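Open the structure in your viewer and keep the selection tool at hand. This tour goes stop by stop.

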Amino acid sequence: MDKLLIEGGVPLMGEIAISGAKNAALPILCAALLSAEPLHITNLPRLNDVRTMLRLLGQMGVKIVDEGRDAVTLDASGLDNPVAPYELVRTMRASVLVLGPLVARCGEARVSLPGGCAIGARPVDQHIKGLEAMGAEISVEQGYVHARAARLRGARLFTDMVTVTGTENLMMAAVLAAGDTVIENAAREPEVVDLANCLVAMGAQISGAGSDVIRIRGVDRLYGATHRVMPDRIETGTYLCAAAATGGSVRLTGTSTSYLDAVVDKLMDTGCDIVPERDAIRLKAPPKLTAVSIRTAPYPAFPTDMQAQFMAINAVADGTAVIRETIFENRYMHAVELARLGAEIRIDGNTAVVKGVPRLNGATVMATDLRASASLVVAGLVAQGTTLVDRIYHLDRGYEQLDRKLAALGARVRRTK
Ligand code: EPZ
């Protein structure tokens with residue numbers, strides 16, 4: 001069932017719960033590698049990428065106890081195979097997040113190079129550069145990164161660009177290193193902070209997470225802990241866009257605007273009425289959205305993972321929007337698919353000009369990556385008639401039960417062959 005059939009034109013109404021964050025859960029699962037004691041994780045989203053990460057850790061010798069619904073306990077006392085094979089890594093780039101913890105805990109790691117993906121080349125040179133600065137001997141042979149170090153040592157690290165998983169990998173490596181590490185130009189994403197909170201609960205000494213300078217004092221060992229994964233701000237933003245585009249009124253629970261300032265600001269500029277609550281967000285859409293221009297950049301600026309969804313809402317807004325994508329070199333694959341629904345979009349390098357049209361019409365479209373597929377769903381919910389989104393396995397990587405949640409908001413959607 002890898003297609004989604006959408007009958008558009010229904011304003012989304014009602015309330016749904018937001019799941020735990022994919023981009024926090026993946027590094028937090030890898031943190032379990034750093035300790036011989038159990039790590040109990042709750043609010044874990046049931047996503048294909050999470051399943052892939054659990055399979056990756058399991059084949060390394062990590063014992064995984066699935067406690068149903070949204071909780072697992074990981075026990076890495078039996079870690080005996082510090083290898084991330086190509087078969088698993090090629091399906092999920094985030095597998096590279098095992099590299100730092102394995103070198104730090106086991107003194108060695110063999111991790112397949114992730115290779116590029118639909119949105120860009122996405123090298124991992126900064127991950128490797130940082131580990132080498134901490135004393136790891138690294139060679140790349142037959143598509144694998146081989147890393148060895150009797151014990152990593154603290155160092156002053158500077159990444160050439162802000163890299164989220166690069167910061168997370170080096171932070172995890174540094175918690176067991178001898179001495180102090182400083183990561184400058186660090187990523188400030190909330191998911192980096194959530195990982196740091198989990199590591200501190202395990203006994204790590206970290207300060208400055210959330211700023212662009214993170215300081216880590218290495219310790220000899222980490223302990224067991226319990227950690228609740230933060231809400232998924234991109235899932236939250238996606239449902240807010242779907243409600244905005246369909247002229248709906250929704251309440252999203254188990255989330256908050258505090259991770260989403262840049263996105264909420266832009267949605268309010270479209271004319272949406274947004275009410276933050278302690279642990280929820282309400283959105284009421286205006287009869288007609290106003291186009292808003294965006295420029296993606298590292299947190300706290302506008303997230304690249306929301307760019308595609310905003311292209312979809314601008315496609316039916318009043319006016320013209322200019323979108324600048326500054327993080328990934330090839331993240332406009334959804335534009336040609338949105339054009340199949342009748343959108344007017346002109347791409348020139350990293351700039352897209354979106355001229356709002358009165359209406360979109362249903363058609364068959366193809367998903368190319370996770371967030372591109374989310375934008376096609378948002379557009380399909382607005383379009384008149386039927387939209388068939390092909391290859392929704394991309395969606396299942398990052399959205400938990402999307403069709404059920406949309407149906408709970410009154411959408412006419414169903415999976416089909
Ligand atoms: C994380 O990817 C997220 N993935 C991405 O979300 C997100 O789009 C991205 O950060 C930016 O916010 C996870 O957290 C699992 P980067 P990451 O390293 O860490 C270049 C989604 O939809 N770079 O911050 O891989 C890189 O090519 C996904 O959920 C190097 O050149 O992104 C890019 O242009 C998609 N060398 C830029 O930096 C390096 O060693 C930022 O990438 C590392 C990065």
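Which helices each supply at least two residues of the shell around the ligand? Select α1 (22-31), α5 (125-133), α6 (164-174) and α12 (370-382). Helices (H or I, at least four residues) and strands (E, at least two) are DSSP runs, numbered from the N terminus.

Before you go on, note that this is a predicted model, in which local features need pLDDT of at least 70, side-chain atom pairs count only at pLDDT 80 or more, and totals for chains, interfaces and linings use all residues. Residues are numbered from 1 along each chain as its sequence is written, and side-chain values use heavy atoms, with hydrogens and water left out.

**Stop 1: the ligand**

Select the ligand and its surroundings. The shell has 21 residues. The closest are D125, T163, T165, D305 and I327. Helix α5 gives the largest share of the shell, three residues.

Now colour the shell by class. Nine residues are nonpolar, six are polar and six are charged. In this scheme Ala, Val, Leu, Ile, Met, Phe, Trp, Tyr, Cys and Pro are nonpolar, Asp, Glu, Lys and Arg are charged, and the others, Gly among them, are polar.

Next, show the polar contacts. A polar contact is a pair of N or O atoms within 3.5 Å; within protein, one must be able to donate a hydrogen and the other to accept it, and residues adjacent in sequence count only if both atoms are side-chain atoms.

- Pick D125: an N or O atom of its side chain is 2.7 Å from a nitrogen atom of the ligand.
- Pick V164: a polar backbone atom lies 2.8 Å from an oxygen atom of the ligand.
- Pick K22: a polar side-chain atom is 3.0 Å from an oxygen atom of the ligand.

How much of the ligand does the protein bury? Alone, the ligand exposes 830 Å², and the protein buries 88% of that. Accessible areas come from the Shrake-Rupley method with a 1.4 Å probe; for residues, only the protein chains shown count as cover.

**Stop 2: helix α1**

Select α1. Nine of its 10 residues are buried, so the helix is largely enclosed by the rest of the structure. Buried means under 20% relative accessible area, exposed over 50%, and partly exposed in between (1.4 Å probe, protein chains only). The buried residues are K22, A24, A25, L26, P27, I28, L29, C30 and A31.

**Stop 3: rings**

Which two rings form the aromatic pair? Select F302 and F310: their centres are 5.0 Å apart and their planes are at 85 degrees, so the pair is edge-to-face. Rings of Phe, Tyr and Trp (its six-membered ring) pair if their centres lie within 6.5 Å; planes under 30 degrees apart are stacked, over 60 edge-to-face, and the rest tilted. The count by this rule is one aromatic pair. F302 is buried at 5% relative accessibility. F310 is buried at 0%.

Move to Y144. R110 lies over the face of this ring, 4.7 Å from its centre. Such a charge needs NZ of Lys or CZ of Arg within 6 Å of the ring centre and within 35 degrees of the ring normal.

**Stop 4: Q309**

Stay with helix α10 and pick Q309. Is Q309 buried or exposed? Q309 is buried, at 0% relative accessibility. Its side chain makes a polar contact with the side chain of T238 at 3.0 Å. The side chain of Q309 also reaches the backbone oxygen of D305 at 3.1 Å.

**Stop 5: backbone details in loops**

Go to the loop between β18 (294-295) and α10 (307-315), where P300 sits. The peptide bond from Y299 to P300 is cis, with omega near 10 degrees.

Jump to N43, in the loop between β3 (39-42) and α2 (48-58). Its phi is near 55 degrees, a positive value in a residue other than glycine. N43 is buried, at 11% relative accessibility.

Finish at N185, in the loop between β11 (180-184) and α7 (190-201). Phi of N185 is near 60 degrees, again positive in a residue other than glycine. N185 is partly exposed, with a relative accessible area of 21%.

Notes
A residue is near a molecule or strand if one of its heavy atoms lies within 4 Å of it.
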